[in-house]
Amino acid sequence: MPKAVKLADIAQKLSVSTVTVSKALSGQKGVSEEMRKKIKALADEMGYVKSRSAEKDKEHKSCTIGIIVAERYLDKDESFYWRIYQDLSQSAMRKNCFTMLEVVASEEEYNQQMPKMVAEGKIEAMIVMGSFQADYAQYLQKNICLPVILLDTLGKEGDFDAVVSNNLMGAYRMTNYLFDLGHEKIGFVGTRLATASIDDRFLGYLKSAMEHGMQVCAQWLLEDRDRATGVSDYDAHFCLPQKEDMPTAFFCNNDKAASVLIHKLEEYGYCVPKDISVVGFDNYIYEPLLQIGITTYAINTQEMARRALQILLYKLEKPDYSLGVYMIDGALIERESARQIGPPVPFV
C-alpha cells in the first residue's frame, strides 16, 4: 500500500513551509498566485488527499514566525532588542511556534532587499521589531503578503497593526515626575523625527511642559543620533547648553542616552543628581559602571511580546483581521539619578 502523501512532502519538494502549502490548498491568503498554482499542481501530481482530521488538528499546528530588526539596534551596547527577542521566543514556544531572527544590514535597507526568510518562504508570519528607514518600511508594506505586526514602532499611515509601549503617556508621567520634584527648567534628549517612539516621547514631554507653563528653549533639546539613519552618535550630536542656559533636569528618550548624558555632565564638572537630575525610559541599564541607578519608565516587554504573538496568530487564522495600534502601559522606577529641589511645580 503506497504511503500517504503529507503536506511536508509537498513543502520539501518546493522548499517552502508546510503552513504555506496548507494555505495554498485551503484557499487562504498569504500565498502568491504563482506559488499557489505550483503547490496545487504538485499536490495533484503526487496524489495528495486531504486528511479528515486536518480541521481538528488546526488549532494545534505549529508555525514559524520571522522577526526582523535593523542591524544598528544590535550593536554591543544596544541590547534592548535582544531582551524583547528573548521574550518573543519564550512566548512563541508556549504557543508551539518557532521564531527565526534576521538582522537587516544598513546596505540591505538602503537597497530595499527583501528579508531572506520571506524571499525563501521560510516563515508564515512576521514581526517587525523596531524602526526601519522610511523608504524600506514602505517597501516592506507594499511587497509582503504575510500577516505582519509591528513591535515597538509604528507605521506612518497605519499600514500595519502594531503593539507599542504607551510612549506618550509614559514620557508625560516622567516629565510630571520632574516637575513634582520642583524642577522648572527641564530639557529633552532625543532626535525628533528619527523614530516614532522618540516623537511620541517628545510629545509627552511637551504636554507636561505646556500644562506646567514651562517655555521650552531650543538649547534644552539635545539630539542623540543621525536623523536619516537612526544610528546613535553621541560625540557628533551631544552638545550641552552653556552654563547660564543649563536646565536643572533632563528627560532622556532612553536609558542609553541617559547614561551617556550623565557621563557627559560629569566631564563638565556637574554632579548627578546634586546639580542636575536625569531620568530615562525603557528600564534597560546599558552602563554597568555607572555609579548611580537611573530613574526610568519600565517598558513591559513580556506583555508586549505576549500580545504581539497573540494578535499575529489570530491574524494567521483570520487574514482580514486588523486591530490597529495596541498600547501597553509601563511603570515608573525610582532610583538615584533624580532628586527633590523644591516644592512641586503646579499645573497652570
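Two strands count as paired if DSSP finds at least two bridges between them, and strands (E, at least two residues) and helices (H or I, at least four) are DSSP runs numbered from the N terminus. The model is predicted: local features need pLDDT of at least 70 and side-chain atom pairs count only at pLDDT 80 or more, while totals for chains, interfaces and linings use all residues. Residues are numbered from 1 along each chain as its sequence is written, and side-chain values use heavy atoms, with hydrogens and water left out.

**The sheet**

Select residues 125-129 and 148-151, which are strands β3 and β4; they pair in the parallel sense over 4 bridges. Within this pair, V128 stands opposite L150 of β4.

Next, display the open sheet of 6 strands, ordered β2-β1-β3-β4-β5-β11 with parallel pairing. Its edge strands, β2 (98-104) and β11 (325-328), each pair on one side only. On average, neighbouring strands are turned by 20° against each other, direction ignored.

**The helix pair**

Now select α8 (residues 167-180) and α9 (residues 196-211), whose axes come within 7 Å and cross at roughly 40°. The axes are lines fitted to C-alpha atoms over the stretch in contact, with angles from 0 to 180 degrees between N-to-C directions.

To see the contact (heavy atoms within 4.5 Å), show side chains including L168, Y172 and F179 of α8 and L203, Y205 and A209 of α9.
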